[in-house]
Amino acid sequence: MSTHHLWGEARGKMFGVLTCLTDENVPVTLYAFSGQYNGQWEVEGWVPPLFDVGVFHALTDHQEKEIKNFGKEIAASQPHSPAWLALRKKRRTLSQTLMKDIHKLYRLTNFRGETRRLEDVILHGRKIPTGTGDCCAPKLLNHAAKNNLHPTGLSEFFYGKQTKSGSHQHGQFYSSCQEKCAPILGFMLCGLARR
């Protein structure tokens, strides 16, 4: 995996490492990247996302093309004209529907062996932020729980060109985010006992 693109326009990315023990106390180290890595959801040697990638593509590929086509039509339309406003509304509606359908694909497993849909874990019917479940910690903990591994340590760090906002800088370690991770980590950690 080349890291060259992390220094360009795509900017850097969060990476995570989870150390674990098997039931026989054999050490295991898991690795994750947030979201996609250079356009790929799955990379050999790294934990997978919280959904079936084949099902994800079957759901999204056509609709994402449709959304991009709306974007092209919007760009070619007179700003704030009735046609421009109508196209923007259609694109927004399609995007919101697609995001709800994508969230239905996510499955979270905790250390009690319980598996739930993402939308069933978010409390009080709160809106699910885009990217929830794509961060390193949820991916790592989900994989550990599904494979009966016992976490002993977790670290997340940013590698590459800093974010446009400057909130994440190369080589810095960060705790799990409040917006996307905090609402789901409580469920994911259920059943995790100290060893």
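**Overall architecture, central sheet, pockets and salt bridges**

The protein chain contains five helices and five strands, where helices (H or I, at least four residues) and strands (E, at least two) are DSSP runs numbered from the N terminus. The structure is a predicted model, in which local features need pLDDT of at least 70 and side-chain atom pairs count only at pLDDT 80 or more, whereas totals for chains, interfaces and linings use all residues. Residues are numbered from 1 along each chain as its sequence is written, and side-chain values use heavy atoms, with hydrogens and water left out.

Read from the N terminus, the order of elements is β-β-α-α-β-β-α-α-β-α. The C-alpha trace of the protein chain extends over about 65 × 35 × 30 Å along its principal axes. Of its 195 residues, 38% count as buried; here buried means under 20% relative accessible area, exposed means over 50%, and partly exposed lies in between (1.4 Å probe, protein chains only).

Three strands form an open sheet in the order β2-β1-β5, with antiparallel pairing; two strands are taken to pair if DSSP finds at least two bridges between them.

Strand β1 comprises residues 13–21 and pairs with β2 in the antiparallel sense over seven bridges. Along this pairing, Val-17 faces Tyr-31 of β2, Thr-19 stands opposite Thr-29, and Leu-21 stands opposite Pro-27. The two strands form a hairpin with five residues between them, and Asn-25 in the turn has a positive phi of about 65°. The antiparallel pairing of β1 with β5 runs over nine bridges. In that pairing, Leu-21 stands opposite His-150 of β5. In a regular strand the side chains alternate between the two faces of the sheet.

Gly-16 is a further residue of strand β1. Gly-16 has a relative accessibility of 1% and therefore counts as buried. Gly-16 and Leu-140 lie 124 residues apart in sequence, while their C-alpha atoms are 7.7 Å apart in space.

Rolling a probe the size of a water molecule over the atoms shows where empty space is left. On a 1 Å grid over the protein atoms alone, a cavity is a set of points where a 1.4 Å probe fits but cannot get out, whereas a pocket is an open set with protein on both sides within 12 Å along at least five of seven lines; lining residues have an atom within 4 Å of a point. The largest pocket has a volume of about 430 Å³, a volume being the space filled by probe spheres set on the points, which are joined across faces, edges and corners. Its lining consists of 22 residues, of which Met-14, Ser-34, Cys-135, His-168 and Lys-180 are the closest to the centre of the pocket. The elements that contribute two or more residues to this lining are β1 and β5. By class, the lining of the largest pocket has eight nonpolar, eight polar and six charged residues (Ala, Val, Leu, Ile, Met, Phe, Trp, Tyr, Cys and Pro count as nonpolar, Asp, Glu, Lys and Arg as charged, and the others, Gly among them, as polar).

The second largest pocket holds about 310 Å³ of space. Twelve residues line the second largest pocket, and Met-99, Lys-100, His-103, Lys-127 and Ile-128 lie nearest its centre. Helix α2 (residues 82–103) gives the most to this lining, with four residues. The lining of the second largest pocket divides into three nonpolar, four polar and five charged residues.

Two salt bridges are found in a search of the whole structure, a salt bridge being a side-chain nitrogen of Lys or Arg within 4 Å of a carboxyl oxygen of Asp or Glu. Arg-117 forms a salt bridge with Glu-119, with the closest N and O atoms 2.6 Å apart. A salt bridge also joins the side chains of Arg-117 and Asp-120 (3.2 Å, N to O). Arg-117 counts as partly exposed at 30% relative accessibility, as do Glu-119 at 27% and Asp-120 at 43%.
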